[in-house]
Each structure stands twice: as structure tokens, then as C-alpha cells.
Amino acid sequence: MADLPLGFPPATPEGKIEIKTYPAYRSITYEHHGNLSRASQAAFNSLYRHISSNQIAMTTPVEVRYPDHAAASVAENLTDTGTAKVSFIYPQPDITPQQVGNDVGVTDHPAITVASIGIRGGYTWESYQQHWQQLQSWLQQHPEYEIVGSPRRFLYNAPYTPVEKKMSEVQIPIQKKE
């Protein structure tokens, strides 16, 4: 596994739900339209070309931001088509690339607090749905928090990592209710 970006907390352990805070960060982002289960694969070459041509170190995790499902009920199935934003996160938020391709863009993200669930296994759409629903259920049981943004998934391992060893997280941005 590559290094985490500056100030990022470690991955959430498998099966655990925790509240985590991330510092502001910068990323290179590819926007994928279509089958959401293919977003990270579709984005990889463009993102890798960017960090390689700019001599920017690869970090983990890869971030995949999905359409906002915050209003959907737990019983509803999430659609598998739409627009996802896939990002490689820069090691430090002050990195400025020398060149940026037409198919990617530099994105600055503010500090964020999330509810996160740790996952071991494949990076499937079904796994994302299942864990997103578990987080939704957990948040319903913790009314002191409110959802303040779209869900995302953090993918921690390379594509060639055996499925049973892959780690990921599903996260929902939250804040304490006042």
C-alpha cells in the first residue's frame, strides 16, 4: 500500500464504523459518466498519466465520489449509472502540477468529517451499496449527526491485490447537529 496523504487518518478496520476527520487536501480528478461500477477503472490511466508526467508520488487511497443518495431510503436500490468523480490525492495540499491534461482537473477539498465503515473484499458496486446502507442505518440510530454531503469510497489497494486482501471504506460526510 502506498503512503497516505499528509494528515490523513489510517483506514477504518474491517466491519467497524467510526467518525473520522480529514484535513483540507488537493487531488487530480477524472469525471466518469455511465456505469458507476466501472468509474475507478475508467479513470485510472488518465490519473496515472497525470501524476507520472508531473512526478507526483502515488498515495493511497483512491477516492471515488458518487452521486448524492442522501435522500434515498435504506430500502431503495441505488442506481448504477450516473456521474462519479475519481481522484488521486496529492501527498501534500500545496502541490501545483506543471501540466494538467484536458481529461482531468485539479480539485481542492475542504477539511471534512465523515462516518466511515471499513471493508475487506472486492471493490464491487454491490459492496458499496451494502455498506452505504449500513452507514445510513447507523446514522438513523445516531440522530446527533446530520449528512452534509455526497458519499464517497476510498480504495486502498492496487488492482492486482488479491480480492480477499483489498481494503476500502464507504464514507458519508457529516456534522454534529446544533
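1. The model is predicted: local features need pLDDT of at least 70, side-chain atom pairs count only at pLDDT 80 or more, and totals for chains, interfaces and linings use all residues. Residues are numbered from 1 along each chain as its sequence is written, and side-chain values use heavy atoms, without hydrogens and water.

2. Asp-103 sits in the loop between strand 4 (81–89) and strand 5 (105–109); strands are DSSP runs of E, at least two residues, numbered from the N terminus. Asp-103 is partly exposed at 36% relative accessible area (buried is under 20%, exposed over 50%, partly exposed in between; 1.4 Å probe, protein chains only).

3. Seven salt bridges are counted (a side-chain nitrogen of Lys or Arg within 4 Å of a carboxyl oxygen of Asp or Glu). One of them pairs Asp-108 with Arg-26 at 2.6 Å, N to O. Asp-108 belongs to strand 5 and Arg-26 to strand 2 (residues 25–35), so this pair ties together parts 82 residues apart in sequence. Arg-26 is buried, at 16% relative accessibility.

4. Glu-63, Arg-65 and Arg-152 form a network of salt bridges. The Arg-65 to Glu-63 bridge spans 3.1 Å, N to O, and in the Glu-63 to Arg-152 bridge the closest N and O atoms are 2.8 Å apart. Glu-63 lies in strand 3 (residues 62–65) and Arg-152 in strand 8 (residues 152–155), so the pair links parts 89 residues apart in sequence. Glu-63 and Arg-152 are both buried.

Technical notes. Helix = DSSP H or I, 4+ residues; strand = E, 2+ residues; numbered from the N terminus.
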